[in-house]
Amino acid sequence: MWNILLAEGHIINIGHDVFKENRKLADKNREKLKKEGVFSVNIMGAIGSGKTTLIEEAIKALGSKYKVAVIAGDVIADMDAARFLKLGVLTIPANTGKECHLDAHIVSDLLKKNDLNSYDVLFIENVGNLICPTDFDLGEDMKIVVVSVSEGDDIVLKHPVIFKTSDLAVINKIDIAEAVDVNPDTMVRDVKSLNPKIPVLLTSKRREETVKEWVTAIENAMLEKKAGKR
Ligand code: MG
Ligand code: ZN
């Protein structure tokens with residue numbers, strides 16, 4: 001409820017200027033990151049969908065080959081930040097306070113305070129919610145939406161915009177699908193009905209081959225970008 005009220009608040013109280021301003025700043029962030037050679041990934045999803053865990057797995061796999069930084073923007077950023085710090089990567093906590101999303105302004109400030117010139121990848125863990133992060137471009141190269149089977153198999157159709165605007169969809173925690181009486185294939189079908197072109201991954205940290213697919217999807221996107229194909 002809180003998130004929805006805030007989301008409506010943006011529209012009613014602030015109007016279109018805020019979106020226009022955000023887009024301008026996002027373009028600046030995009031330019032800056034491009035110049036610095038940083039591939040940036042915005043990871044969106046509800047609290048408990050497993051965003052932090054997936055980022056941890058990506059750091060573990062990519063950290064030996066690439067220089068990785070993370071912006072921890074989830075509401076409980078300090079807890080997530082501690083998990084990233086443990087992996088020895090540059091960890092930048094985003095102070096969102098009560099905000100229910102990150103915006104280009106927050107990212108711009110963090111990019112001013114932290115020199116990412118020598119970095120290859122920047123993961124941005126967005127605040128845990130599936131609604132308003134879709135309104136705020138951060139200047140990232142890749143948008144990923146993560147949902148867990150534990151959110152129920154109607155979660156996808158209830159949040160069409162985020163699936164229509166993301167570059168990759170992840171259905172996570174598939175190892176517990178049966179226990180929560182959800183068919184992951186239904187969720188995949190729903191995602192494809194909203195966005196036929198989007199790649200969809202089924203993942204679980206307990207199934208190594210799915211973790212590999214997750215990491216490969218990010219690495220391939222990064223290599224394509226660097227080769228100028230994206
Ligand atoms: Mg998290
Ligand atoms: Zn919000």
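User: Let's begin with N129: is this residue buried or exposed?
Analyst: N129 sits in the loop between β4 and β5; helices (H or I, at least four residues) and strands (E, at least two) are DSSP runs, numbered from the N terminus. Buried means under 20% relative accessible area, exposed over 50%, and partly exposed in between, with a 1.4 Å probe and protein chains only. The relative accessible area of N129 is 4%, so N129 is buried.

User: Good to know! What kind of model is this?
Analyst: Residues are numbered from 1 along each chain as its sequence is written, while chains are lettered from A and ligands numbered from 1 in the order in which they are written. Side-chain values use heavy atoms, with hydrogens and water left out; local features need pLDDT of at least 70, side-chain atom pairs count only at pLDDT 80 or more, and totals for chains, interfaces and linings use all residues, since the model is predicted.

User: Which residue's backbone nitrogen does the side chain of N129 reach?
Analyst: A polar contact is a pair of N or O atoms within 3.5 Å; within protein, one must be able to donate a hydrogen and the other to accept it, and residues adjacent in sequence count only if both atoms are side-chain atoms. From its place in the loop between β4 and β5, N129 makes such a contact at 2.6 Å, to the backbone nitrogen of I131.

User: Which residues coordinate the zinc ion (ligand 2)?
Analyst: Donors are N, O and S atoms within 2.8 Å of the metal (3.2 Å for Na, K and Ca), and water is not among the atoms, so sites may look incomplete. The donor residues are spaced C-H-x30-C in sequence. At 1.9 to 2.1 Å, they are C100 (SG), H101 (ND1) and C132 (SG).

User: How many residues apart in sequence are the parts that C100 and C132 tie together?
Analyst: C100 is buried, given its 1% relative accessibility, and C132 is buried at 0%. C100 belongs to the loop between β3 (90–93) and α5 (104–113), and C132 to the loop between β4 (121–125) and β5, so the parts tied together are apart in sequence by 32 residues.

User: Moving on to α5, which elements do its buried residues pack against?
Analyst: At the start of α5, a side-chain oxygen of D103 comes to within 3.1 Å of the backbone nitrogen of H105. The buried residues of the helix are A104, I106, V107, S108, L110 and L111. Their packing partners are α2, β2 (68–72), β3 and β4.

User: At what angle do α2 and α5 pack?
Analyst: Contact means heavy atoms within 4.5 Å, and here N22, L25, A26, N29, K32 and L33 in α2 meet A104, H105, V107, S108 and L111 in α5. By class, this contact has 6 nonpolar, 4 polar and 1 charged residues, where Ala, Val, Leu, Ile, Met, Phe, Trp, Tyr, Cys and Pro count as nonpolar, Asp, Glu, Lys and Arg as charged, and the others, Gly among them, as polar. Axes are lines fitted to C-alpha atoms, for helices over the stretch in contact, and angles run from 0 to 180 degrees between N-to-C directions. The axes of α2 (residues 16–36) and α5 are 8 Å apart, at an angle of about 35°.

User: Is the crossing of α2 and α5 left-handed or right-handed?
Analyst: A crossing is left-handed if the near helix is turned anticlockwise from the far one by less than a right angle, and right-handed if clockwise. By that convention, the crossing of α2 and α5 is left-handed.

User: How far is S118 from V38, C-alpha to C-alpha?
Analyst: S118 lies in the loop between α5 and β4, and its 45% relative accessibility makes it partly exposed. Its side chain joins that of K67 in a polar contact of 3.0 Å. S118 and V38 are 80 residues apart along the chain, and their C-alpha atoms are separated by 8.2 Å.

User: Last one: what is the phi of D181?
Analyst: D181 is in the loop between β6 and α8, and at 67% relative accessibility it is exposed. Although D181 is not a glycine, its phi is positive, at about 60°.
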